[in-house]
Amino acid sequence: MAKLIKGDCLDYMKQIPDNSIDLILTDPPYNIAQYSTGNIELPGREALNNNIADWDNAPLEPKDFIDDFKRIIKPDGNIFVFTSYNLIGKWHSVFDSEFDTFQFFIWHKTNPAPKIYKNGFLNSCEMIICMWNKGHKWNFTKQNEMHNFFESPICMYPERLREPKHPAQKPVKLLKHIINIASNPDDIVFDPFMGVGSTGVACMELGRRFVGCEIDKVYFNAAKKRISAYG
Ligand SMILES: C[S@@+](CC[C@H](N)C(=O)[O-])C[C@H]1O[C@@H](n2cnc3c(N)ncnc32)[C@H](O)[C@@H]1O
């Protein structure tokens, strides 16, 4: 089962009943475009997109999400939110005191964009903050499989959509890893910023129910097409 909403998640969340979501897994804008020095021209190749996208420019305020996230998540639910170095302090200052646990998880990208001028580190890690309360559901497997670290390539063709191209499309393999640990079959997973629906695809493949929201019509339609392919 998938329920897809085209609209602003801040509005839509008001309609979600209390204590009804097992896992919030989402990838909101990082607001990093403001630090970009522009796209990087490469001789004979497509320029590297360093400007992310217009949707990244709208300021994201974690304080706008705390009340609804707390209200809709079940007492044994989990919350995973992708974020970046510039916003983690804000997420921490709003969310840490509201949950028993606030941790972070790292996605290490094995094929990040190269650093053409060799003047700094490659941006090969993304941060995912995770929150829960005591008694939360948690499918711990083996010690060596439960590091707060996961390695995979960035989303590549054919998984990566060519039309529309979403600059932040996440790999389904990474999302499935998180969903397997933090929820059970038939659970309801909510992604308020679903983009082209990668969390939804992961849910369909793992037998979870999915609720997804996306404000952009083109991305929404792409998500709908991908997710509805699962029937
Ligand atoms: C980082 S992307 C998510 C990409 C997604 N993880 C994927 O794999 O396709 C964030 C998305 O949030 C959407 N967005 C931004 N503000 C929104 C809002 N207020 N409500 C719903 N969607 C929003 C953007 O259009 C963008 O597609």
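1. Trp91 and Phe95 sit four residues apart in helix α3, about one turn of the helix; helices (H or I, at least four residues) and strands (E, at least two) are DSSP runs numbered from the N terminus. Both residues are buried, a term for under 20% relative accessible area, with exposed meaning over 50% and partly exposed in between (1.4 Å probe, protein chains only).

2. This is a predicted model, in which local features need pLDDT of at least 70 and side-chain atom pairs count only at pLDDT 80 or more, while totals for chains, interfaces and linings use all residues. Residues are numbered from 1 along each chain as its sequence is written, and side-chain values use heavy atoms, leaving out hydrogens and water.

3. The whole structure holds nine aromatic pairs. Rings of Phe, Tyr and Trp (its six-membered ring) pair if their centres lie within 6.5 Å; planes under 30 degrees apart are stacked, over 60 edge-to-face, and the rest tilted. The ring centres of Trp91 and Phe95 are 5.2 Å apart and their planes stand at 55 degrees, so this pair is tilted. Trp132 and Trp138 also form a tilted pair, at 4.7 Å centre to centre and 40 degrees between the planes. Trp132 counts as buried at 8% relative accessibility, whereas Trp138, at 29%, is partly exposed.

4. A cluster linked by ring pairs contains Phe65, Phe69, Trp91, Phe95, Phe99 and Phe193.

5. Eight strands form an open sheet with mixed pairing, in the order β1-β10-β9-β2-β5-β7-β6-β8. Its edge strands, β1 (2–6) and β8, each pair on one side only; strands pair if DSSP finds at least two bridges between them. On average, neighbouring strands are turned by 15 degrees against each other, direction ignored. Strands β2 (residues 21–26) and β9 (residues 188–191) run parallel and are joined by two bridges; Ile24 has Phe190 as its bridge partner in β9.

6. Helix α5 (residues 198–206) packs on the sheet, touching β1, β2, β9 and β10 (209–214), and its direction makes about 170 degrees with that of β10. Axes are lines fitted to C-alpha atoms, for helices over the stretch in contact, and angles run from 0 to 180 degrees between N-to-C directions. Contact means heavy atoms within 4.5 Å. Helix α3 (residues 88–95) lies across β5 (73–83), β6 (101–109) and β7 (125–132), running at about 5 degrees to β7.

7. Arg160 lies in the loop between β8 (149–152) and α4 (172–182). Arg160 is buried yet has no salt bridge, and the nearest side chain of opposite charge, Glu159, is 8.5 Å away. A salt bridge needs a side-chain nitrogen of Lys or Arg within 4 Å of a carboxyl oxygen of Asp or Glu; Lys and Arg count as positive and Asp and Glu as negative, with His and the chain ends not counted. Not counting residues up to four places away in sequence, Arg160 touches Cys155, His166 and Gln169.
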